[in-house]
Amino acid sequence: MEDQLKEIQEANPFLVERASSDHPAWNCPQENLLSCLTYLRDKLQFDFLTDVTAIDHFEDRPRFEVVYHLYATARHEYLRIVTPCADP
């Protein structure tokens, strides 16, 4: 998976690595989210969206982040993409 992590970062230079204790994770600017997720699906076969959830930072801005958990069914690999949301 190390080669794929490098490939992901090179193809999506706007990604910022995010601390994670279980799976590779990146912060992705909202304006790049669609292109990033499309790349991961079409080029690296992260073909299953296992979960979409959110983080509420309450006092901070931006207050909300959306978290996408992706899975590559052929390789049994997970990764996480997180993007900030505009405040309502």
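Modeller: In this predicted model, helices are DSSP runs of H or I with at least four residues, strands are runs of E with at least two, and both are numbered from the N terminus.

Colleague: On that basis, what pattern does the protein follow along the sequence?

Modeller: Its order is α-β-β-α-β-β-β. The protein therefore holds two helices and five strands under the DSSP run lengths.

Colleague: What makes the protein as compact as a globular protein of its length?

Modeller: The globule rule gives 12 Å for 88 residues, and the radius of gyration is 13 Å, close to that value, so the protein is as compact as a globular protein of that length. Along the principal axes, the C-alpha trace spans about 40 × 25 × 20 Å. Of the contacts with a separation of 6 or more, 46% join residues 24 or more positions apart.

Colleague: Why is Arg80 called buried?

Modeller: Buried means under 20% relative accessible area. Arg80 has 14%, so Arg80 is buried. Buried residues make up 33% of the 88 residues.

Colleague: Where is Arg80 placed, and which residues does Arg80 touch beyond four places in sequence?

Modeller: Arg80 belongs to strand β5, residues 77-84. Its contacts beyond four places in sequence include Ser20, Asp22, His23, Pro24, Ala25 and Trp26, together with Val67, Tyr68 and His69.

Colleague: How do you know that the side chains of Arg80 and Ser20 make a polar contact?

Modeller: The distance between the two side chains is 2.9 Å. A polar contact requires a pair of N or O atoms within 3.5 Å, one able to donate a hydrogen and the other to accept it, so the pair of Arg80 and Ser20 is counted as one.

Colleague: What is the phi of Gln45 and of His76, and where do Gln45 and His76 lie?

Modeller: Gln45, although not a glycine, has a positive phi of about 60° and sits in the loop between α2 (33-42) and β3. His76 also has a positive phi, near 60°, and is found in the loop between β4 and β5.

Colleague: Which form does the peptide bond from Arg61 to Pro62 take, cis or trans?

Modeller: That bond is cis, with omega near 0°. Pro62 lies in the loop between β3 (48-56) and β4 (64-72).

Conventions: Residues numbered from 1 in each chain as written. Predicted model: local features only at pLDDT ≥ 70, side-chain atom pairs only at ≥ 80, totals over all residues. Heavy atoms only, no water. Rg over C-alpha atoms; globule rule 2.2 N^0.38 Å. Buried < 20%, exposed > 50% of the residue type's maximum accessible area, 1.4 Å probe, protein only. Contact = heavy atoms within 4.5 Å.
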